[in-house]
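Subject: Structure for your review

Dear colleague,

Please find below the sequence and the structure that I am handing over to you. My notes on what was found follow directly after.

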Amino acid sequence: DSLKSNQVDVTCVQVDDSATGAAVIILDENGQNSIVLSAGANGKVSPADVDSAAALRPKLTLLQLEIPLPTVLYAAQRARQNGSRVILNPAPAKPLPKELISLADFIIPNETELSLLTGAEVKDIPSAEKAAKALLACGAKNVVVTLGSKGALIVSEAQVKQVDAYKVDVVDTTAAGDAFIGGFASALLRGLSIEAAVQYANACGALAAAKFGAQPSLPARQEVETFMRLA
């Protein structure tokens, strides 16, 4: 119902006899969050489910790791076969096969996820750049590291560029990363450059962090564009 009310196509949503996946979100006094995940029906998403969705011939395929890793890999393979660009958000963090990394046009980790993926400590911009370049060496095309209040770092063969965050009063960081990635994907689909897409994504993440909740904090496009004009 929430998706429908936001004009999201739910044609391929299926009903399973498992419980819906759930996340218990724990906030500290600074609005930073930790998440305890119960996969539920998410854990049963299969390659056959990917096949049914692939018939839609998407221009962009956005993947994360709350569904089984073999299904994620299969979805990336199908996307590549169909000419769909692949965005991979490696969360919840876990080691990934090199093949999946090489299939991603964009990998978007936070600092913790990047550390786990590469085995390198990520504590500042130089260490984030070094770790991101290790993913490029594994075949990733572009890496965008989300850095919270420091914005985001774009690392590719063509450029290394930090894009500053928007300053807001942080209330709850839950879904800020999701808002960033969703905003980035939508900007790419509108033909924006990577740098412009990251700037738009930073605005989405900032607006989400300024509100309580997950779905209720996700901003609409008009809200984001107004915020960017006035910032």
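In helix H7 of this predicted model, the buried residues are Ala176, Ala179, Phe180, Ile181, Gly183, Phe184, Ala185, Ala187 and Leu188. The cover over these buried residues includes strands S3 (60–64), S4 (85–89), S5 (106–107), S6 (142–146) and S7 (152–156), together with helix H8 (194–209). Helix H7 itself runs over residues 176–189, which makes 14 residues. From its first C-alpha to its last, H7 reaches 20 Å, close to the 20 Å expected at 1.5 Å a residue. Just after H7 comes Gly191, with a positive phi of about 90 degrees.

I turn next to the charged side chains. Side chains of opposite charge can pair when their charged atoms come close. In this model the count comes to nine salt bridges, and three of them are described here.

Asp16 pairs with Lys44, and the closest N and O atoms are 3.1 Å apart. Asp16 and Lys44 belong, with Asp17, to a network of salt bridges.

A second salt bridge joins Glu111 and Lys150, at 3.9 Å from N to O. Glu111 is in helix H5 (residues 111–118) and Lys150 is in the loop between S6 and S7, so the pair ties together parts that are 39 residues apart in sequence. Lys150 is partly exposed, with 34% relative accessibility.

Glu129 and Lys133 form a salt bridge of 2.9 Å, N to O, and both are in helix H6 (residues 125–137), four residues apart, or about one turn of the helix. Glu129 is partly exposed at 23% relative accessible area, and Lys133 is partly exposed at 40%.

Finally, which residues form a nonpolar patch on the surface? They are Ile25, Leu27, Ile35, Leu37 and Phe212, with about 460 Å² of accessible area together. Strand S1 (22–27) and strand S2 (33–38) are the elements that give two or more residues to this patch. Leu37 is found in strand S2 and counts as partly exposed, at 36% relative accessibility.

With kind regards

Key:
Residues are numbered from 1 along each chain as its sequence is written. This is a predicted model: local features need pLDDT of at least 70, side-chain atom pairs count only at pLDDT 80 or more; totals for chains, interfaces and linings use all residues. Side-chain values use heavy atoms; hydrogens and water are left out. Patches are made of residues with over 30% relative accessible area and no salt bridge: like charges are joined within 9 Å, nonpolar side chains (Val, Leu, Ile, Met, Phe, Trp, Tyr) within 5 Å. Accessible areas come from the Shrake-Rupley method with a 1.4 Å probe; for residues, only the protein chains shown count as cover. A salt bridge is a side-chain nitrogen of Lys or Arg within 4 Å of a carboxyl oxygen of Asp or Glu. Buried means under 20% relative accessible area, exposed over 50%, partly exposed in between (1.4 Å probe, protein chains only). The expected span of a helix is 1.5 Å times one less than its number of residues. Contact means heavy atoms within 4.5 Å.
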